[in-house]
Each structure stands twice: as C-alpha cells, then as structure tokens.
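Visitor: I'm new to this one. Could you walk me through it?

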Amino acid sequence: MEQISGREARRIALAAQGFADRRPAAPGKRHVLKTIDRLGVLQIDSVNVVSRTHYLPLFSRLGAYPRPVLDEVAWGKKPALIEYWAHEASLLPAATHPLLRWRMDDAREGVGTWTGIARFLRTHPDFIDRVLNEIETRGPMPASELELGAKGAKGWWGWSEGKRALECLFWIGDLTAATRRGTFERVYGIADKVLPRAIRETPTPDRDDAQRELIRIAARAQGVATERDLRDYFRMGVAETKARIAELLEMGDLAAVTVKGWGQPAYLDPAARRPRKVAANALLSPFDNLIWFRERAERLFDVRIRLEIYTPAHKRVHGYYVLPFLQGEALTARVDLKAERKTGVLVVQSAHSEPASNAQTPGLLAQELRLMAGWLGLDEVQIQAKGDMAGALKVALT
C-alpha cells in the first residue's frame, strides 16, 4: 500500500479542488460550469453579510467572474444546474439528478432519517393534492404566494403548513426549484415540467450504481480522502458508503493508501493530480467545499475552523462571518468580513494570523481583499483594529 506524506495529500486535495490552476484572465460561463462540474456540488446558504456562499467558491478559484453567469446557469431560462439536498441545500449539475433519485425515494418511504417527511405526506394527503394542483394550475410559485393551510409562527423555521408541504414535495422530487426570486426565495415548480427533458428521460440508475457514482464524484473532488470525507460530501449513510468504497476498490476506481499523520485509512482517486507545488491565494467561504467538513480541514491544514454565526457575539473568537485565507498550500489568516453596500465599503471587522503566516501574508491578503471588493461592486476596503494582523493588513492596503 502506498504511503503519502501529509504535505503531498494536501497538494493532491488542493489540485482536486482547482487551486493548482492559474485563474483565467477573463472568466466566463465555460469556466463557471467547468468549476462546478469539478466540485460536483455548491452549498447554498442564505446569509448575505458578504455574499451568498454559492458565489464564493467560484470567486476563490476563478477570481472576479461575472456573478450573473451563475444566476443564468442556475435559474435562467435554460438552467444547467438543479437544486437539491445533496451536501446541504445545494446546486448541482443537472446530470446529477438521476443519481439522487434513491434519496428522493427514501424520503417518500420514510427510510432512515426521512421519517418526518413521509409522516407529513401520509397524514396530509388531501392537502398535498391541493398544493400540487395549485402549482399545476397557476405555475411555479414561492411559498409566500401559496394561500393554503395554516400560517407558521414567526422566526426562521416557523414554516406555514403550505411551506412544509412544498419542502416535502421538493425532498421527494415531485417539485423542484424553477428559479429564485426577490430576497433569494425559492420558486417551486412541477419537476416534470421544469427539469430539462434530457434529465427527465434519463432512466433511474440502480441504487448501488448511483451511490458508487456519487462516491466517484466525491473522490475526484477531494483527490485523497478518508471514508468519512467521502461519506460527508453527499451526506451518505455509513454502511452504504463503506460498501460502495469496497466495490470501487475492487473495480480499481479507488486506491487504498495511507497518509502520514492521518491515523485513518485513506482512498486515492487514481487519476488525481500530484503537483509539486501549489501557489494559490484565495479567500474561502466558511461553506467552501475545501473546508466545509471541519475534521478534514483540520487534518489537511492543522487549523481548527469553527463557524461562529450562531455563537453569541461576546463569545466569538474570530467573528461572525469569517473567511480563512489560503496562501499557497497553507491557511495563514482569517478575516471577519462585512459588505456595507450602501456606503460601498468592504469592512474587515477583524484580521487574525495563523501559525503558518509569514511576512508576505498581509500584502497577499490585501490584494485578495481589493479584488473581492471590486467583484462585489464596492469602492474600498476598510480595516478595523481587531485582531493581531489588523495593523499589518492596514499598512499593506495603504
């Protein structure tokens, strides 16, 4: 069995995620689609303090690409992407839809963790029929326009009865996202009318075949990974992931390796690139594919990343919406950012160094912050005094 050093594993992972490639001079639609295909999935999140997270992984890899391009391929007239619960709420290449139909079936039947969805469908059959008929008759609509059922309580998860019905139908694949509207509100449409014809007519693969392909996608996107890394990418079950990995090993689509310092068996994509050096500079969304599984991120970079959005303000260490800075092959800093759109300012609310930072870090980070500000349509970057790198970063910007 081949043994790989921790540094080599990190380079393989960075290359698999697209960080070993030079950014294109004029990134456009082709680059966006190629990057999404390489990653396999983009996580969606509604927090917009800097930018909604699905825009950020593309910026990290491509630079200042036109943001409307992602809107077009995700929610335009001829979308190339679909929405579904893949990692979390996610955008995926449309061709992935057949690979997730087994999950839709599980939700319909109440298998595993999907008992609540099946229970709601089973106990509200007439209401479900009314919701489907409403969308069939009136066309795609958001939950706010569905005037059926009891209203929900106030708050993030105070869903109305209609919203619950829409989400359950979305989970089982009867509905899909036709587009997004206003403040990023999902518009639900009948899947058989919204999905591209080629996808609707694609035969549903065998469950095991579909799961093997999802593991292949996860392996290609990560380069080298543990069983838990592969399982987390599409949030698959333990037993089915282990079974599919064993089958892929036997087929030669994965290679068993050991990675020094990992302490767990690892699996290598046989086609993974092995660069001798990675020279990327990138700000990473806290939901970026490279670091969204915190255990893997710590194993790769020896840095503990914690999402502090739900932590009370006085207990936060690094800030509310913190983006780690990838410098070469290391995470060297993290910045708490806020886009003040009315004043045209990208505010760095705090800037903290990591043990791997060096004399070049403030200057390289300043360049990336300027690039992000311009991409967001903001005029300047302002540094607040919090964090041990704030002073050096302010000097670098001036």
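Guide: Let's go through confidence, then sheets, then helix pairs.

Visitor: What is the mean pLDDT of the protein?

Guide: This is a predicted model, so start with confidence. Where pLDDT is low, the predicted coordinates should not be read in detail. Here the mean pLDDT is 94, and 97% of the residues reach 70 or more.

Visitor: Where is the pLDDT below 50?

Guide: Look at residues 153-157. Beyond near neighbours in sequence, that stretch has two contacts in the model.

Visitor: On to sheets. What is the order of the strands in the open sheet of five?

Guide: The general idea is that strands of a sheet pair through backbone hydrogen bonds, either parallel or antiparallel. In this sheet the order is 11-12-13-14-15, and the pairing is mixed.

Visitor: Which strands stand at its edges, and why is one side of each left without a neighbour?

Guide: Strand 11 (280-283) and strand 15 (380-383) are the edge strands. On average, neighbouring strands here are turned by 30° against each other, ignoring direction.

Visitor: In which sense do strand 14 and strand 15 pair?

Guide: Strand 14 (residues 345-353) pairs with strand 15 in the parallel sense, over four bridges. To find one of them, go to V345, whose bridge partner in strand 15 is E380. Then look for helix 16 (residues 390-397), which packs on the sheet and touches strand 13 (330-340), strand 14 and strand 15. The direction of helix 16 makes about 150° with that of strand 15.

Visitor: What is the order in the open sheet of three strands?

Guide: That order is 2-4-3, with antiparallel pairing. Strand 2 (42-43) and strand 3 (81-85) are at the edges, each pairing on one side only.

Visitor: Now helix pairs. At what angle do helix 2 and helix 4 pack?

Guide: With helices, look at the angle, then the residues that touch. Helix 2 (residues 29-39) and helix 4 (residues 67-75) pack at about 60°, their axes 10 Å apart. That angle makes helix 2 oblique to helix 4. The crossing is right-handed.

Visitor: Which residues of helix 2 and helix 4 meet?

Guide: From helix 2 you'll find K29, V32, L33 and I36, and they meet V69, L70, E72 and V73 in helix 4. The residues of this contact are six nonpolar, no polar and two charged.

Visitor: How far apart are the axes of helix 7 and helix 8?

Guide: They are 10 Å apart, and helix 7 (residues 125-138) packs on helix 8 (residues 161-171) at about 80°. That makes the two helices roughly perpendicular. F127, I128, V131, L132 and I135 of helix 7 make the contact with E161, G162, A165, L166 and L169 of helix 8. Sorted by kind, the contact has eight nonpolar residues, one polar and one charged.

Visitor: And at roughly what angle do helix 1 and helix 11 cross?

Guide: Helix 1 (residues 6-16) and helix 11 (residues 207-222) cross at roughly 110°, with axes coming within 6 Å. They are therefore roughly perpendicular to each other. I12, A13 and A16 of helix 1 touch R220, A221 and Q222 of helix 11, a contact of four nonpolar residues, one polar and one charged.

Methods: Residues are numbered from 1 along each chain as its sequence is written. This is a predicted model: local features need pLDDT of at least 70, side-chain atom pairs count only at pLDDT 80 or more; totals for chains, interfaces and linings use all residues. Side-chain values use heavy atoms; hydrogens and water are left out. Two strands pair if DSSP finds at least two bridges between them. Axes are lines fitted to C-alpha atoms, for helices over the stretch in contact, and angles run from 0 to 180 degrees between N-to-C directions. Contact means heavy atoms within 4.5 Å. pLDDT is the predictor's confidence in each residue, from 0 to 100. Angles under 35 degrees count as roughly parallel, over 145 as roughly antiparallel, 65 to 115 as roughly perpendicular and the rest as oblique. A crossing is left-handed if the near helix is turned anticlockwise from the far one by less than a right angle, and right-handed if clockwise. Ala, Val, Leu, Ile, Met, Phe, Trp, Tyr, Cys and Pro count as nonpolar, Asp, Glu, Lys and Arg as charged, and the others, Gly among them, as polar.
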